[in-house]
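Dear colleague,

Please find below the structure that I am handing over to you. My notes on its aromatic rings follow.

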Amino acid sequence: MNIELLYSAVDLVRASGHRSNAREAAFLRTYPILLATARIPGADAIETLLRSASLVYAWMPSPLHLDMSQLEHAAASLAMASGEAPLIAAEVIEPIADCLGSLIGAAKVLHLSSPAVYPLWDARVERFRLQDEPSSYHMSQTRNYLSFVQEVQEVAAHPLFLTFHNEYCTAYQARLQRLQIPAYPLTETRVIESAAAELAGQ
């Protein structure tokens, strides 16, 4: 990914309000509620994981399945990813993916817990990044998600990113206004992932 290409997503957001896509509009409306709910302190780490997973799978196309033998390990990993100094590593991501049976689901759970650190990730975004359709095997490999995380960090460090971030957020807030959705802020990781998803959907 490069910021010059991502910049073209600004015009796409300006031009579209997702009026014809009820599922996307529902996500736009519920996203800040999902974030806020996921970050309510739980009684323990397992409750926090279960709440986040339940929220994620409310808008995932597949039902939630849990490997109960991995539950405690996954909960401990999520706690490591959502503290004051979140850890970005395979040993944090994989237990959550193993518990859920899905790396994509794990990325979404991680994003709800640490939206400034872990970006959302799915086949659409990866198709944009690779300029090719990713296989199911590709989407199950933690190293590929970590590669995306690294690229997101590199884009966020680009000298032009602040300008891009401002323009994208302005266009995004205008889209929300057209849909009569209250405005809400976007993290740097969310802006980059969202722009990639817009471009992948062309």
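In this predicted model, the charged end of Arg-190 lies over the ring of Tyr-31, 5.0 Å from the ring's centre. A charge sits over a ring if NZ of Lys or CZ of Arg is within 6 Å of the ring centre and within 35 degrees of the ring normal.

Tyr-31 is buried, with a relative accessible area of 1% (buried means under 20%, exposed over 50%, partly exposed in between, with a 1.4 Å probe and protein chains only). The rings of Tyr-31 and Tyr-184 are a tilted pair, because their centres are 5.9 Å apart and their planes stand at 45°. Rings of Phe, Tyr and Trp (its six-membered ring) pair if their centres lie within 6.5 Å; planes under 30 degrees apart count as stacked, over 60 as edge-to-face and the rest as tilted. This pair links distant parts of the chain, 153 residues apart: Tyr-31 is in helix α3, and Tyr-184 is in the loop between α10 (161–178) and α11 (188–200). Helices are DSSP runs (H or I, at least four residues), numbered from the N terminus. Tyr-184 is also buried, at 7%.

In total, the structure holds ten aromatic pairs. In another of them, the rings of Phe-27 and Tyr-31 are tilted, with centres 5.5 Å apart and planes at 55°.

Residues are numbered from 1 along each chain as its sequence is written. Local features need pLDDT of at least 70 and side-chain atom pairs pLDDT 80 or more, while totals for chains, interfaces and linings use all residues, and side-chain values use heavy atoms, without hydrogens and water.

Yours sincerely

Conventions
Helix = DSSP H or I, 4+ residues; strand = E, 2+ residues; numbered from the N terminus.
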